[in-house]
Amino acid sequence: MEERRVWDETQLRKYDVPLVYVPKYRYDDPKVQELISANKPVIITGSELVASALNWDVDYLKEHMNNSNCTVIFSKNHKFKYFDDKSVRPDVKAKFVPPTRKVGMKMAEFAKRLREWKKGDERLYLQQMLNNTVGPGIVHDFLRFHWDWINSLQKNMSWGPLTSNLLLIAMEGNVTPCHYDEQQNLFAQIRGFKRFIMFPPEQFECLYPYPVYHPHDRQSQVDFERPDYMKFPKFKGAVGHEAVIGPGDVLYIPIYWWHHVESLMRGGYTVSVNFWYKAGPTEKIEYPLKGYQKVAIMRNVEKMLLEALHDPQELGPLLRALVLGRYT
Ligand SMILES: O=C(O)C(=O)C[C@H](CCCc1ccccc1)C(=O)O
Ligand SMILES: [Zn+2]
């Protein structure tokens with residue numbers, strides 16, 4: 001029978017970044033646990049992890065989510081660059097211009113705005129933590145996730161506790177720009193197709209994260225659509241790992257790995273649920289240190305220096321004085 005064309009390359013945004021493919025294996029293939037324990041990304045098929053949610057579309061969700069508000073992000077363009085301005089200092093927050101705005105909204109209203117959306121309108125992205133207030137129908141589906149598979153994985157990998165599940169409903173073409181998280185992530189795709197471009201923590205120097213104290217902490221400063229090679233010359237050396245996932249697929253996003261995420265253009269809205277786990281306890285430290293351990297050390301140095309110097313403007317000059325002519 002003719003191969004069902006589900007998506008094609010014209011639905012992927014074009015970036016000036018060389019890409020290699022993320023491998024794909026069935027959930028019971030030993031390669032899956034081998035790659036996850038090596039903190040390498042892998043697409044996992046056939047897990048049935050969220051089989052009980054494969055019917056989650058906005059009409060079903062608005063019927064079964066009780067009338068609690070969901071967090072919906074509005075953006076004037078297709079990019080939804082995450083920021084956290086709660087934890088930043090008043091002087092830093094005063095200078096910061098948020099690129100998006102957050103609104104609380106019922107699922108029914110979100111569904112209506114999705115249907116009625118016209119070119120030129122602000123784009124929407126629903127990002128809501130799944131908790132017990134989302135309503136009995138959803139909780140019922142949630143309880144029927146394939147927990148024994150994912151719990152055994154969590155145990156075998158000696159990960160920490162499951163911290164949260166984020167329900168993500170994105171308009172086609174939405175982009176979450178490149179960032180890293182400090183948690184292990186099993187990302188389950190329910191509706192539509194999502195494309196990930198991921199980079200190992202070792203490519204830290206190619207992706208130029210914002211300062212730790214900035215609201216865009218953990219996000220890359222590089223605009224993938226218009227890279228500023230003068231400011232970020234090493235971005236030329238970045239090599240991405242690409243994965244496109246569809247309904248029923250689960251993508252393992254290793255802790256500290258950078259990831260750019262997009263919902264395929266002209267693919268309809270997408271529905272996903274992620275599973276974030278705290279890192280496991282670090283057993284014996286082995287040398288040389290791994291890339292992600294150096295990232296964690298750099299984060300601590302930045303935080304300690306900010307604490308000690310107090311004025312963020314003094315961090316650069318002090319670090320330059322420490323390094324230039326002495327360690328370079
Ligand atoms: O699952 C992940 O880690 C992703 O990045 C998925 C991403 C949306 C995440 C938004 C976000 C990023 C950081 C903190 C809180 C929320 C997408 O699918 O567009
Ligand atoms: Zn993320």
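User: What gives the most to the nonpolar patch?

Analyst: Helix 9 does, with three residues. This is a predicted model, where local features need pLDDT of at least 70, side-chain atom pairs count only at pLDDT 80 or more, and totals for chains, interfaces and linings use all residues. Side-chain values use heavy atoms, without hydrogens and water. Helices (H or I, at least four residues) and strands (E, at least two) are DSSP runs, numbered from the N terminus.

User: What makes the nonpolar patch a patch, and which residues form it?

Analyst: Ile 297, Val 301, Leu 318, Leu 319, Leu 322 and Tyr 327 form it on the surface. Nonpolar side chains (Val, Leu, Ile, Met, Phe, Trp, Tyr) are joined within 5 Å, like charges within 9 Å. Together the six have about 530 Å² of accessible area, from the Shrake-Rupley method with a 1.4 Å probe, where for residues only the protein chains shown count as cover.

User: Why is Leu 319 called partly exposed?

Analyst: Leu 319 lies in helix 9. Buried means under 20% relative accessible area, exposed over 50%, partly exposed in between (1.4 Å probe, protein chains only). Leu 319 has 30% relative accessibility, so it counts as partly exposed.

User: Why is strand 9 called largely enclosed?

Analyst: Seven of its eight residues (184–191) are buried, so the rest of the structure largely encloses strand 9.

User: How do you know that strand 9 and strand 14 pair?

Analyst: Pairing needs at least two DSSP bridges between two strands. Strand 9 and strand 14 (residues 270–277) have seven, in the antiparallel sense. Gln 184 has Tyr 277 in strand 14 as its bridge partner.

Note on methods
Residues are numbered from 1 along each chain as its sequence is written. Chains are lettered from A and ligands numbered from 1 in the order in which they are written. Patches are made of residues with over 30% relative accessible area and no salt bridge: like charges are joined within 9 Å, nonpolar side chains (Val, Leu, Ile, Met, Phe, Trp, Tyr) within 5 Å. A salt bridge is a side-chain nitrogen of Lys or Arg within 4 Å of a carboxyl oxygen of Asp or Glu.
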